[in-house]
Amino acid sequence: MSCVHTQPHPRPFIFHVTVYAPAGTDYEDDFAFAIKTFAEHGVEVRVDATHEIDAIVLDHAMQKKLHKPSYSTPVYYVETVVLREDGEDKEFNGLQWKRMGQSFIAVSTNARTSTLSHEIGHALGLGHFDAKTNIMCAKRGDKPGFTPWQGKLMRRGNLLSPR
Ligand SMILES: [Zn+2]
């Protein structure tokens, strides 16, 4: 059998996630939006498994307890994300952090649809981008997207990552 390469065959890039959420959490829209938006840039967001957890508030202490090393990035749906910044507690809608090479994502159950995608963007190496039409903008509007350049960075990040 012959294979004629008329087009480049990009290695499919799969970003694996495992969801931890309290019963009844409505995260379907977040994932539908993420799967569609990342697919437009050659990144497949694949949910490996979902697990039910008790409702939690993510703070610094909880952040340290959530160490479950895996090739599949854990996404925790939490009531609120509370972190100490500049000496005071601040609430966040989402958070992405790394611990011992492992990415973690937390999303508030009250966060809007694009927050999950914003945090996955961070996990894939993107910083903030100051345009309201962009997912990586903190003050983004409805239905934001990525630029082709951000897509390229995310796919390149995969090639550099150890897994
Ligand atoms: Zn951010």
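Guide: A residue counts as buried if 20 or more other C-beta atoms lie within 10 Å of its own, as exposed if 12 or fewer do, and as partly exposed in between, with C-beta atoms placed from the backbone. This is a predicted model, in which local features need pLDDT of at least 70, side-chain atom pairs count only at pLDDT 80 or more, and totals for chains, interfaces and linings use all residues. Residues are numbered from 1 along each chain as its sequence is written. Helices (H or I, at least four residues) and strands (E, at least two) are DSSP runs, numbered from the N terminus.

Helix H3 spans residues 115–123, and seven of its nine residues are buried, so the helix is largely enclosed by the rest of the structure. The buried residues are Thr-115, Leu-116, Ser-117, His-118, Glu-119, Ile-120 and Gly-121. Their cover includes helix H1 (28–39) and the strands S1 (13–21), S2 (43–52), S4 (73–78), S7 (94–99) and S8 (102–108). After H3 comes Gly-125, with a positive phi near 100 degrees.

Most residues other than glycine have a negative phi. Met-100, in the loop between S7 and S8, has a positive phi near 50 degrees although it is not glycine. Met-100 counts as exposed because it has 6 C-beta neighbours inside 10 Å. Asp-86 sits in the loop between strand S5 (80–85) and strand S6 (88–92). Its phi is positive too, near 50 degrees, in a residue other than glycine. With 5 C-beta neighbours inside 10 Å, Asp-86 is therefore exposed.

How values were computed. Contact = placed C-beta atoms within 7 Å.
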